[in-house]
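Visitor: I'd like to go through this model with you, one label at a time. Whenever you use a term, please tell me what it rests on.

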Amino acid sequence: MRIGFVGFLDYQPNLDAVRWFARSILPLVQRREPDAELHVIGQGGAGLADLVRKRGVHLHGFVPVLQPHLENMSVIVAPIRFGGGTRFKILEAFAHHLPVVSTSIGAEGIGARDGVHLLLRDDPASFARGVLEVHRDRALRERLVGGANQLYETSYTWEHGVAAVEQVVADLSTTAVRP
């Protein structure tokens, strides 16, 4: 099983997420799936050097083309415990038809629902169970990927983003107060 994490690794919430997953969640997954591996992709991450000594942890650093790496993943994880921002790692997984297991904080702001678009798990044991469920249960994986892709296509594609910006500009143009 190949578990993926994608993100800017000099960002403290991502650094914490990878450390927490590698130390507290991956060992629980490996008890049931001994060959499970965490593949961490992203620029930075000097503070993660000690993790390469852990069984099944691979740090890839920045990759110029993400697609080939994502094609080999079983699941993408977003074990974010604090911080804000846009959850591009989840949207990227949705766009590439990959199932996602995230913390509630990790999925804030994108309108994804537990059991419909992804699995939300906030403690190590339930997070590990969620990763195993998505890996082993084909029907669950297909349902989540289908729901996630539908959410992505209706809300997060480039075309949808351009249309939303155009609507904001149009709204501002019609409501602008002129002297």
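Guide: Let's start with contact, which here means heavy atoms within 4.5 Å. By that rule, and not counting residues up to four places away in sequence, Asp114 touches Leu119, Leu120 and Arg121. Bear in mind that this is a predicted model: local features need pLDDT of at least 70 and side-chain atom pairs count only at pLDDT 80 or more, while totals for chains, interfaces and linings use all residues. Numbering runs from 1 along each chain as its sequence is written, and side-chain values use heavy atoms, with hydrogens and water left out.

Visitor: Why does Asp114 count as partly exposed?

Guide: Buried is under 20% relative accessible area, exposed is over 50%, and partly exposed is in between (1.4 Å probe, protein chains only). Asp114 comes out at 40% relative accessibility, so it falls in that middle band. The residue is found in the loop between strand 5 and strand 6, and its C-alpha atom is separated by 8.9 Å from that of Ser104, 10 residues apart along the chain.

Visitor: What makes a stretch a helix or a strand?

Guide: Both are DSSP runs, numbered from the N terminus: a helix is H or I over at least four residues, a strand is E over at least two. On that count the protein chain has six helices and six strands, in the order β-α-β-β-α-β-α-β-β-α-α-α from the N terminus on.

Visitor: How do you know that the span of helix 1 agrees with its 21 residues?

Guide: The expected span is 1.5 Å times one less than the number of residues. For helix 1 (residues 12–32) that should give 30 Å, and the end C-alpha atoms are 30 Å apart, so the two agree.

Visitor: Where does helix 1 bend?

Guide: At Leu26, by about 45 degrees, with Pro27 following within four residues. The bend is the angle between axes fitted to the seven residues ending at a position and the seven starting there.

Visitor: Why is Leu26 called buried?

Guide: Its relative accessible area is 1%, so it sits below the cut-off for buried. Leaving aside neighbours within four places in sequence, Leu26 is in contact with Ile3, Phe21, Ala36, Leu38, Arg55, Gly56 and Val57.

Visitor: What makes a group of residues a nonpolar core?

Guide: They must be buried Ala, Val, Leu, Ile, Met, Phe, Trp, Tyr or Cys, joined through side-chain atoms within 4.5 Å. The largest such set here has 31 residues, and those with the most contacts inside it are Ile3, Phe5, Phe21, Val29, Leu38, Val77 and Val131. Helix 1 gives the most to this core, nine residues. Apart from it lies another core, of 21 residues, among them Met73, Leu91, Phe94 and Val100.

Visitor: How do you know that strand 1 is largely enclosed?

Guide: Four of its five residues are buried, so the rest of the structure largely encloses it. Ile3, for one, touches residues including Phe21, Leu26, Val29, Leu38, Met73 and Val131.

Visitor: Which strands does strand 1 pair with, and what counts as pairing?

Guide: Two strands pair if DSSP finds at least two bridges between them. Strand 1 and strand 2 pair in the parallel sense over five bridges, with Val6 and Ile41 as bridge partners. Strand 1 and strand 4 pair in the parallel sense too, over two bridges, and Gly4 stands opposite Ile76 there. The open sheet has six strands in the order 3-2-1-4-5-6, with parallel pairing.

Visitor: What makes strand 3 and strand 6 edge strands?

Guide: Each pairs on one side only. Helix 1 packs on the sheet, touching strand 1, strand 2, strand 3 and strand 4, and its direction makes about 170 degrees with that of strand 1. Axes are lines fitted to C-alpha atoms, for helices over the stretch in contact, and angles run from 0 to 180 degrees between N-to-C directions.
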